[in-house]
Amino acid sequence: SQQGEEDPQALSIQEGENATMNCSYKTSINNLQWYRQNSGRGLVHLILIRSNEREKHSGRLRVTLDTSKKSSSLLITASRAADTASYFCATEGTYKYIFGTGTRLKVLA
Amino acid sequence: GAVVSQHPSRVICKSGTSVKIECRSLDFQATTMFWYRQFPKKSLMLMATSNEGSKATYEQGVEKDKFLINHASLTLSTLTVTSAHPEDSSFYICSARGIRLYGYTFGSGTRLTVV
């Protein structure tokens, strides 16, 4: 399968805690993006990290990329109930994006 | 920023009929468009890649006669689900890449229900 793997598949935490999701992929990439999807909705772009970058921040989001291990992580700090959603990584290889399997995050108020 | 409009957002059709989904880039020219399919609580699976003016490239296992893709202009790609069956019910999302843009922009998706 071309798909990347994400873990955990599901994550349930209390409001205020941090949430960490991991993404592993199989081929060389140009960049990696993280998306959020609320149930039954479209994708919301969160952050893009290029293959020559190791870490990137955006608000409460922190993304790391380790190309030697072919893995990335998304950290959401001080989570809120509104962060409840599915989170996907997507890797751009040869002119197309391949999505990971996703992590379903539930933040309990 | 770059915007991709996908229409319709929801459609219900009868088995055996065909359904067309449109994906438009509103403020940029999309040289390449991608079509994804998503089953409930699953990830997005790339179905095909279409380049303006040429035939679409389908991923392994995707029936090209079932899912017709047309990319006739730099701002419009269409996906037609032909002779739809209940198992074609799914969430379909398009994305587009521009000539001078970095990255891809996604449409808001189309939920297809075949009854």
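**Close-up views of a predicted model**

Figure 1. A:Ser39 is exposed, with a relative accessible area of 75%, in a model that is predicted. The residue A:Ser39 belongs to the loop that runs between β4 (31-37) and β5 (43-50) of chain A. Although 49 residues separate A:Ser39 from A:Phe88 in sequence, the C-alpha atoms of these two residues are 13 Å apart in space.

**Figure 2. The open sheet of chain A.** Five strands of chain A form an open sheet, in which the order is β1-β3-β8-β7-β6 and the pairing is antiparallel. The edges are formed by β1 (5-7) and β6 (55-58) of chain A, each of which pairs on one side only, and from one strand to the next the twist averages 15 degrees. Within this sheet, strand β7 (residues 61-66) and strand β8 (residues 71-76) of chain A pair in the antiparallel sense over 6 bridges, and A:Leu61 has A:Ile76, in β8(A), as its bridge partner.

**Figure 3. Confidence along chain A.** The mean pLDDT of chain A is 91, and 96% of the residues score at least 70. Within the chain, confidence is highest in β7(A), at 98, and lowest in strand β10 (residues 97-99) of chain A, where the mean is 84.

Figure 4. In chain A, the peptide bond from A:Asp7 to A:Pro8 is cis, with omega near 0 degrees, and A:Pro8 sits in the loop between β1 and β2 (10-14) of that chain. In chain B, B:His7 and B:Pro8 are joined by a cis peptide bond with an omega of about 0 degrees, and B:Pro8 is placed in the loop between β1 (4-7) and β2 (10-13) of chain B.

Figure 5. Side chains of opposite charge can pair when their charged atoms come close. Over all chains, the count comes to 7 salt bridges. One of them joins A:Lys56 to A:Glu53, with the closest N and O atoms 3.8 Å apart; A:Lys56 is partly exposed, at 25% relative accessible area, and A:Glu53 is also partly exposed, at 22%. In chain B, the side chains of B:Arg24 and B:Glu22 meet in a salt bridge of 3.5 Å, N to O, where B:Arg24 is partly exposed at 34% and B:Glu22 is partly exposed at 24%.

Figure 6. B:Asp88 and B:Lys66 meet through their side chains in a salt bridge of 2.6 Å, N to O. B:Asp88 lies in the loop between β8 (76-81) and β9 (90-98) of chain B, and B:Lys66 in the loop between β6 (57-58) and β7 (67-73), so the pair ties together parts that are 22 residues apart in sequence. B:Asp88 is buried, with a relative accessible area of 6%, and B:Lys66 is buried as well, at 11%. In chain A, a network of salt bridges links A:Arg36, A:Arg60 and A:Asp83.

Methods: Residues numbered from 1 in each chain as written. Chains lettered and ligands numbered in written order. Predicted model: local features only at pLDDT ≥ 70, side-chain atom pairs only at ≥ 80, totals over all residues. Heavy atoms only, no water. Pairing = 2+ DSSP bridges. Helix = DSSP H or I, 4+ residues; strand = E, 2+ residues; numbered from the N terminus. Axes fitted to C-alpha atoms, helices over the stretch in contact; angles between N-to-C directions. pLDDT = per-residue confidence, 0-100. Buried < 20%, exposed > 50% of the residue type's maximum accessible area, 1.4 Å probe, protein only. Salt bridge = Lys/Arg side-chain N within 4 Å of Asp/Glu carboxyl O.
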